[in-house]
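Student: I have a model open and would like to go through it piece by piece. Can we start with one of the loops?

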Amino acid sequence: PTATPTEEKTRVSEEDEEANTDRNTDRKGAKPPRPRPRQDLELEPSRKRTTPPLSHLVHQNKTEHIDILIQQKIMETRNNHDEIPSNEPLLHVTAPSSANAAASSSRPSSSMSVSGLRSRSRGDSSGEFAPPNAPLYDLAAGNDVINALPLPEIDGILAGSSGLLIRERFYWSQVLCAACERKTQYKIAQWDPMLPARLTDRDFKEQPLMLEIFEESDCCCRYCLLSARELDLGVFHPQHYNNMAFESNGYPAGQNPMLHFHRPFRCAIPCCCCMPFPNEMEIHDGPTGTSRGKIMQDWKWWNCCWCCNTYVNALDTNDNIVFTVNSPWACGNGCLNCCAPTCFNPVYTAFVTRPGRREGEYDSKIEVHWPGWNARGLCMANSAAENWILQFPEGSSPDEKVLLLGAWGLLNFINWEKRSNQRQ
């Protein structure tokens, strides 16, 4: 039967009261469970949670997320290569030059990229092996690029150095016997520009040891050719004692040098206005044998008449002159080094200049300091054991510092290894 309008209105009111009662009950009691999505349905690809790409991370603060970049590359590499030893460096940071820093400030941070990571145990896919002490990453901040480019170990040591203190070993046997010629040995410490301008032997010995240089040469060459002998110099980590004292000489057994200097024998005798066979020293990387440049004696045509200024040139691997070292003697440079280094004039100075400098300008200095009133100072002429300060030019690169270290080595054997008791 058809309901009347009054009955229909009453039925709607009763339904509304039941609905309100159900809602009040839900508020007072527990919340009804939410319906779960069907398990057989997959989310759309655009809604799936994924790891943010490297480009997204780079748009953010590079310093904050550099660890994330490294960890992601390490995890990717470990899936295909052997595990990397945990005690080896993972990141090498190279500060940008002023020009690169200015250029990089105008580029967006998204220009950073991450290259492949080498496995130290088996090498990369091309079969090449990374050096055992090479860092896995090289962050060139000026170019905003992370590269797996190994850096030679000696470069990392010299990169932040302003200069070196070099102390040669003193042998009583050479002082007492003119015929004795021992293998030279040198201790190297860091030079601080805040140190006094005049350093005594005690000042040298108090500095913490950083490197050592050992000579390897033939006994016959040492006794027959003296300071003109053929020899090899190797740069090593400190051996037994972490101070500026000395121990056994010669190359340490079973070790390869970080840097290798080879001086061949040359009959460096002037002939009128030229020197057909000038002194030279070759520089090679120790682990790889790669050439790092060479040092050549530069005999000027007027040196046969005026020998108070002698020169050596530091050449890169392309035979371009990087530095010239001017060594004044006697009346050279206004008698600057007359009677040096002695108690009368305790510091001998040689000047390092880049090409294009005007006369009288220089970039850094190489100094020989008189040790003082001790056995080294009193017997210096017969011992040929000097204390050196090798100052690096401001802003010089590790390659340039390696060349200057080689220039010091050649200068030492040309000018300072000639003992007075061997000239009689």
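This is a predicted model: local features need pLDDT of at least 70, side-chain atom pairs count only at pLDDT 80 or more; totals for chains, interfaces and linings use all residues.

Student: What is the peptide bond from A340 to P341, cis or trans?

Tutor: The bond is cis, and its omega is near -5 degrees.

Student: Which loop holds C339?

Tutor: C339 also sits between α9 and β13. Its phi is positive, about 65 degrees, although C339 is not a glycine.

Student: Where is L226?

Tutor: In the loop between α8 (219-225) and β7. L226 has a positive phi too, near 55 degrees, and is not a glycine. With a relative accessibility of 25%, L226 counts as partly exposed.

Student: New topic. How many strands are in the barrel?

Tutor: The closed barrel has 12 strands, running in order from β4 to β15 with antiparallel pairing. On average, neighbouring strands are turned by 20 degrees against each other, ignoring direction.

Student: Which helix packs on that sheet?

Tutor: Helix α12 (residues 398-416) does, and the strands it touches include β4 (163-168), β10 (291-298) and β15 (387-391). The direction of α12 makes about 40 degrees with that of β10.

Student: How many bridges join β7 to β8?

Tutor: Five, between residues 231-236 of β7 and residues 259-263 of β8, and the two strands run antiparallel.

Student: What stands opposite D232 in β8?

Tutor: H262.

Methods
Residues are numbered from 1 along each chain as its sequence is written. Side-chain values use heavy atoms; hydrogens and water are left out. Two strands pair if DSSP finds at least two bridges between them. Helices (H or I, at least four residues) and strands (E, at least two) are DSSP runs, numbered from the N terminus. Axes are lines fitted to C-alpha atoms, for helices over the stretch in contact, and angles run from 0 to 180 degrees between N-to-C directions. Contact means heavy atoms within 4.5 Å. Buried means under 20% relative accessible area, exposed over 50%, partly exposed in between (1.4 Å probe, protein chains only).
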